[in-house]
Amino acid sequence: MLIVWLAGCSGATHRAAQVPPPAKTPQPRAAVTLNGLPLAPSGTSPQMLALVRPDVDVLIEQVEHDFQLGEREYQADDLPAARVHFDSAIQRLMTSGMNYSVDPRLEPLMDRLINTMHEYQLKTEQAGIASLGQEQEQAEQQAPGEPSSPLEEIAAAANLPANPEVGQKAAAELLHVPHDLPLTVNEPVLTFLNFFQTTRGRAIIEHSLARSGRYMGMVRQVLKQEGLPQDLMYLPLPESGYQPRATSRVGARGLWQFMPGTARLYGVKINRWEDQRLDPTDSTRAAAEHLRDLYAIFHDWYLALAAYDSGSLTVARAIERTGYADFWQLYRLNALPVETKNYVPIMLAMTLVAKDPELYGVHVTDPERPVKMDSFKPGRSLDLRLAADAIGEKVDVLREMNPALFGVVTPDDPTFVLHVPAGTETELLATLKTIPPSRWVGWRLHRVTADDTLAAVAEHYHVHAAA
């Protein structure tokens with residue numbers, strides 16, 4: 001028999017069409033015509049404009065137009081719309097192929113655009129962090145011991161010497177493994193491949209690959225839906241080790257290690273109740289959109305990955321400074337932050353190992369499996385302990401299925417989706433119908449047995465027998 005028991009209220013505490021195949025290694029920018037680009041304002045033919053004015057005039061006009069639209073949306077606090085226009089402006093300059101010697105107005109325009117976007121991005125990031133406030137700090141204090149991102153530990157191995165035998169293995173692997181991202185084997189990549197031959201490096205990638213089994217199928221599906229290379233599913237290996245609760249020293253969180261400001265630009269919620277950066281599905285969809293946008297700007301996956309790590313403005317500045325839209329040229333010229341220089345080789349090294357673990361002596365003996373879940377919308381705040389009581393499950397199981405939640409109470413949000421073990425949704429809904437919705441946060445359910453006493457039950461729920 002089920003009885004409703006009052007136990008006291010507990011408060012809650014990296015649009016597009018199919019992405020084209022990866023481009024060949026880009027060369028330094030050279031002057032090209034713009035007659036085929038959609039540079040004209042709405043209702044005006046770009047070809048007609050090009051007939052009467054130089055292409056550079058059309059380019060400058062359209063960049064200014066996008067820039068002004070972005071500033072207008074930014075002033076109106078519509079950050080996602082502002083981001084679209086700012087990205088469009090810088091994309092026009094980056095993909096035009098025009099050298100600054102074509103017109104003296106181009107370099108100041110690029111400087112002004114990058115400086116303004118940098119200020120915008122900085123304010124957005126600061127606003128994202130500041131808006132978390134004391135509730136976020138409190139929630140983080142309540143969840144000590146969260147796993148860390150393995151990226152920093154891997155990057156510390158950047159000075160290891162390359163092993164020629166590992167290089168021979170990698171070169172042989174490239175001949176037979178399928179891949180839809182360009183794979184490069186050079187000295188920086190070999191350095192990290194060598195690290196994964198050490199005891200510590202092998203342990204990191206084995207644990208990461210084992211955890212990836214739980215989420216990689218979902219990640220593949222999202223990448224396919226977004227028209228992105230499937231090999232991007234290996235990006236969370238260095239970012240988080242496929243740990244949903246992974247946190248970096250600078251505050252990035254989740255499988256894809258989003259900072260708060262960037263996450264919010266892609267619709268990821270961060271509030272007193274939940275941090276959707278920790279939700280594997282929500283963060284994967286946001287990461288896919290972000291990566292797609294970065295590729296649309298740079299048209300090169302190595303540059304897009306570098307921008308995922310350090311921001312599009314950092315990479316754009318490096319290209320502007322050197323004249324090379326090529327990651328390895330920027331690497332050799334030390335035009336990128338050290339962390340970003342290591343980031344792409346680490347990603348490539350982990351991808352090579354993940355595609356053929358046995359080749360590198362990596363053994364994944366017990367990979368995690370996807371967890372089958374039901375999903376439903378409570379419509380209002382619900383205590384996970386009450387839900388666990390209703391379906392005869394441990395509350396820790398529900399917390400594991402809903403890693404984005406800070407506490408044990410769901411948001412008072414009709415759009416929130418709660419994950420429960422597969423096959424239990426019907427039972428949960430039927431039980432909740434017997435309880436007043438206003439009591440979903442304060443009451444518990446207890447299954448009475450023949451051995452129960454009133455005093456024992458009261459002690460279990462930390463209330464007095466009289467209550």
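This is a predicted model: local features need pLDDT of at least 70, side-chain atom pairs count only at pLDDT 80 or more; totals for chains, interfaces and linings use all residues.
A second pair of helices can be read in the way just used. Two packed helices are described by the angle between their axes and the distance between the axes. For helix 8 (residues 187-195) and helix 17, the angle is about 55° and the axes are 8 Å apart. This pair is therefore oblique as well, helix 8 to helix 17. Helix 8 passes helix 17 in a right-handed crossing.

These helices belong to a protein whose secondary structure comes to 21 helices and four strands. Of its 467 residues, 50% are buried. The protein exposes about 22,000 Å², and 53% of that area is supplied by carbon and sulfur atoms.

What lies inside? The largest nonpolar core has 92 residues, and Leu193, Trp256, Tyr308 and Phe327 are those with the most contacts inside it. Helix 17 (residues 338-355) contributes the largest share of this core, with ten residues. A second core is separate and has 22 residues, among them Leu384, Leu386, Leu418 and Val441.

The strands can be followed through strand 2 (residues 373-376). In a regular strand the side chains alternate between the two faces of the sheet. Strand 2 runs antiparallel to strand 3 (residues 418-421), and four bridges join the two. Within this pairing, Asp374 stands opposite Val420 of strand 3.

Helix 15 (residues 312-322) shows burial along a helix. Its buried residues include Ser312, Leu313, Val315, Ala316, Ala318, Ile319 and Glu320. An α-helix has 3.6 residues a turn, so residues three or four places apart point the same way. Just after helix 15, Gly323 takes a positive phi of about 85°.

Another glycine sits in a loop. Gly227 is found between helix 10 (216-225) and helix 11 (236-240). Is Gly227 buried or exposed? Its relative accessibility is 9%, and buried means under 20%, so Gly227 counts as buried. Gly227 and Ala288 are 61 residues apart in sequence, with their C-alpha atoms 9.2 Å apart in space.

Two further residues stand out by their backbone angles. Most residues other than glycine have a negative phi. Asn334 is not a glycine, yet has a positive phi of about 55°. Asn334 lies in the loop between helix 16 (327-332) and helix 17. The cut-off for exposed is over 50% relative accessible area, so Asn334, at 55%, counts as exposed.

His462 also has a positive phi, of about 60°, although it is not a glycine. His462 lies in the segment after helix 21 (454-460). With a relative accessible area of 74%, His462 is exposed.

Notes: Residues are numbered from 1 along each chain as its sequence is written. Side-chain values use heavy atoms; hydrogens and water are left out. A nonpolar core is a set of buried Ala, Val, Leu, Ile, Met, Phe, Trp, Tyr and Cys residues joined through side-chain atoms within 4.5 Å. Buried means under 20% relative accessible area, exposed over 50%, partly exposed in between (1.4 Å probe, protein chains only). Accessible areas come from the Shrake-Rupley method with a 1.4 Å probe; for residues, only the protein chains shown count as cover. Two strands pair if DSSP finds at least two bridges between them. Axes are lines fitted to C-alpha atoms, for helices over the stretch in contact, and angles run from 0 to 180 degrees between N-to-C directions. Angles under 35 degrees count as roughly parallel, over 145 as roughly antiparallel, 65 to 115 as roughly perpendicular and the rest as oblique. A crossing is left-handed if the near helix is turned anticlockwise from the far one by less than a right angle, and right-handed if clockwise.
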